[in-house]
Amino acid sequence: MTATTDVLSSVRILVLLLLLPVLLALQASLCCGACVELDSDTEAVVNQGFKLGCISCKMRGEVRAMTSVSWYFKAAEDANFSHFYRYKDAAEETIDARFYGRLGWNGSNNTKDLQDGSIYINTVTFNDTGTYMCMFNRTLVYPNYKFETSINKSFILNVVPQRKRGLASILSELMMYASIIGLQLWLVVEMIYCYRKISAAGEEAIRESPCRRSSSWLP
């Protein structure tokens, strides 16, 4: 009886471990509406596409809002920022001739309450190196009044001939693969252990069964 209980406990633990990734994925899908402010990448490769990331989360999700996003660019030789892109009411406009035909909206869709103001550059050139600034112009709509606020974020973009991976990135990837392999090996060991436990319990039950039948036949 004790062996069977141990086997069942091991099987329950193994099933929970196997279901854990599924539960985590389900939780992530349920939380897909959450907003997380992430910094943009700052290194682009010439002649490839690049996402200029900019996210500004609204502090109170229940408040209705209308937002427009503007992007500004300042090259190393420029003294001031130049307004080169605007997105408002699901309409985008490229203002600076240096970016004509190379920009596309890559942020929030199907809403006026923009929280992701990212855009995408097609075919990056070395002339795209410089400082970028995105500005959220948000109007919060309350029952009796409206409140306007502006938030801006900036970062420096470097354009390189080819991407160079840092040591930290390589080590983190190696650690990820090592942890995945280690977890899989551990699960295999647990499955073998449970299988042996179940086999031992089955053999013990088979041995006990004739003894019980023979004892029942005794007067």
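**Charged pairs across the chain**

Glu37 is partly exposed, with a relative accessible area of 42%. Buried means under 20%, exposed over 50%, and partly exposed in between (Shrake-Rupley method, 1.4 Å probe, protein chains only). This is a predicted model: local features need pLDDT of at least 70, side-chain atom pairs count only at pLDDT 80 or more, and totals for chains, interfaces and linings use all residues. Residues are numbered from 1 along each chain as its sequence is written, and side-chain values use heavy atoms, leaving out hydrogens and water.

Glu37 has a partner. It forms a salt bridge with Lys153, at 2.7 Å from N to O. A salt bridge is a side-chain nitrogen of Lys or Arg within 4 Å of a carboxyl oxygen of Asp or Glu. Lys153 sits in strand S9 (residues 146-160), while Glu37 is in the loop between helix H1 (2-30) and strand S1 (43-45), 116 residues apart. Helices (H or I, at least four residues) and strands (E, at least two) are DSSP runs, numbered from the N terminus. Lys153 is partly exposed too, at 28%.

Now look at buried pairs. Lys58 meets Asp113 in a salt bridge, with the closest N and O atoms 2.4 Å apart. Lys58 lies in the loop between strands S2 (50-52) and S3 (64-74), and Asp113 in the loop between S6 (103-105) and S7 (119-121). Both Lys58 and Asp113 are buried. Arg102 and Asp128 form another salt bridge, at 2.9 Å from N to O. This pair ties together parts that are 26 residues apart in sequence, because Arg102 lies in the loop between S5 (91-94) and S6, and Asp128 in the loop between S7 and S8 (130-141). Arg102 and Asp128 are both buried.

Asp78, Asp96 and Arg98 are linked in a salt-bridge network. The whole structure holds 6 salt bridges.
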